[in-house]
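Hi,

Here is the structure I promised to pass on. Have a look at it first, then read my notes below.

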Amino acid sequence: MLGYLAHRLLVMIPTLLVISVFVFVIIQLPPGDYLTTLVTELQAQGESISQERLEYYRKEFGFGEPVVKQYFVWLFGLLQGNLGYSFEHEQPVADVVGDRAFLTVVVSMATIVFVYIVSFPIGVYSAVRQYSAGDYALTFVGFIGLATPNFLLALVLMYLANEYFGTSIGGLMDDQFKDQPMSWAKLVSILEHLWVPVIVIGTSGTAGMIRRLRANLLDELHKQYVVTARAKGVPPGKALVKYPLRMALNPFIADIGNILPEIISGSAIVSIVLSLETTGPMLLRALQSQDMYLAGSFLMFLALLTVLGTLISDLALAALDPRIRLGADLAK
C-alpha cells in the first residue's frame with residue numbers, strides 16, 4: 001500500500017506539470033491578451049483607458065514578454081503559493097475568490113448530500129423490487145431527470161415561483177446581505193435560498209446515480225454467491241447488505257474523483273441562470289476576459305482536486321471491494 005501510494009504521488013507531479021502547460025496554452029490561444037480585451041470593451045462602451053495604466057500592466061505582469069517566460073513566471077508563483085493578481089477585479093486572486101469559494105462549497109456539499117440521500121434508498125428499492133410498479137415509476141422519474149437539462153429546470157422553477165407565488169428564487173441570499181461580512185442573519189438567508197439550487201443541480205446527478213446503483217446491485221443479486229446464501233437460509237436483509245450492496249457501492253466511491261473539483265467549479269450555467277454568487281460564473285468571466293491569473297489558478301486548482309479525488313477514490317475502492325488490488329498485475 002505504501003509503495004503504491006508513493007508511486008501515485010510521484011506520478012501526480014509530472015501530471016500536474018503537463019496539465020499546467022495545457023491550461024496556460026488554452027488561456028493564451030485567443031488572440032491578444034487581457035489588455036486587448038479591456039481596450040476593446042471600453043471602446044465599445046465609448047470609453048478609453050489611460051496609456052499610463054496600460055504601460056503599468058505591461059511592465060508589472062509581463063504582457064508582451066515571450067509566452068514561455070510568462071508561463072514560468074506564473075508556474076513559479078503557483079509553487080510559492082502566490083495565485084497571482086486578477087486584472088479585472090484589481091485584487092489578488094486569493095481575495096477575489098474568498099467569499100465565493102465558501103458559497104460554492106456550501107452549495108456543492110449540500111448538493112452531494114442531497115444526491116446521496118435520495119439516490120441510495122431509491123436505487124436499492126428499484127433493484128430489490130425489480131419490475132414492480134414502484135420500480136417502473138421511479139425509473140420513469142429517473143429518465144425525466146436525466147433528460148431534463150439543469151438550466152431548463154432552473155428556468156421553469158423561476159417562472160413558476162414568479163407566476164404563482166410572486167417571488168424571485170434567484171440568488172443565494174437576500175439583496176441586503178450581498179457584499180456584507182458573514183453573520184448569523186446572512187447564514188440563515190443562505191440556508192433559506194439553498195434548496196432551489198440544490199434541487200436543480202442535484203436532479204441529474206441523482207437520476208444518474210440511481211441508474212448506476214440499480215444496475216450494479218441487480219448484477220450482484222444474480223450472482224451465484226447470493227443464490228447460495230439464500231439457499232442456506234441467510235436472512236434476506238443480511239444477504240443483501242453483507243456483500244451485494246457493499247459491492248454495488250463502487251460508483252458512489254468512484255464519484256469522489258468528480259466530487260472534489262465540483263465543490264469549487266460548481267454548476268456554471270445553473271449559477272448564471274439563478275444568479276448564484278459562486279465561482280462558476282467568475283471562472284467563465286475570467287476565461288472570456290483572458291484574466292489569465294484568475295482563470296489559470298482556478299483551472300489548476302480543479303486539476304489538483306481531480307487528481308487527489310481520483311487517488312482517494314482508488315484507495316477507498318480497494319478497501320471496500322476485496323476484488324480490487326492496488327497495482328496488481330492481472331496478467332499473472
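Let's start with what sits over the buried residues of H4: the cover includes helix H1 (2-28) and helix H15 (292-320). Keep in mind as you read that this is a predicted model.

Which residues of H4 are the buried ones? They are Gln 70, Tyr 71, Trp 74, Leu 75 and Gly 77. Looking down the axis of H4, you'll find these buried residues within an arc of 160 degrees, so they line one face of the helix. On the face of H4 turned away from the buried side, you'll see the exposed residues Val 68 and Leu 79.

As for its dimensions, H4 runs over residues 67-79, and its 13 residues reach 18 Å from first C-alpha to last, close to the expected 18 Å. After H4 comes Gly 81, which has a positive phi, near 85 degrees.

Next, H10 (residues 236-248). This helix has a kink of about 35 degrees at Lys 242, shortly before the proline Pro 244. Pro 244 is itself buried, as are Ala 239, Leu 240, Leu 245, Met 247 and Ala 248. The buried residues of H10 pack against several helices, among them H5 (93-128), H8 (184-221) and H15.

How confident is the predictor? The mean pLDDT of the chain is 79, with 89% of residues at 70 or more. Among the elements, H1 has the highest mean (85) and helix H12 (residues 256-265) the lowest (67).

Cheers

Definitions and conventions: Residues are numbered from 1 along each chain as its sequence is written. This is a predicted model: local features need pLDDT of at least 70, side-chain atom pairs count only at pLDDT 80 or more; totals for chains, interfaces and linings use all residues. Side-chain values use heavy atoms; hydrogens and water are left out. Helices (H or I, at least four residues) and strands (E, at least two) are DSSP runs, numbered from the N terminus. The expected span of a helix is 1.5 Å times one less than its number of residues. Buried means under 20% relative accessible area, exposed over 50%, partly exposed in between (1.4 Å probe, protein chains only). The arc is that of the directions from the helix axis to the C-beta atoms. Contact means heavy atoms within 4.5 Å. The bend at a residue is the angle between axes fitted to the seven residues ending there and the seven starting there. pLDDT is the predictor's confidence in each residue, from 0 to 100.
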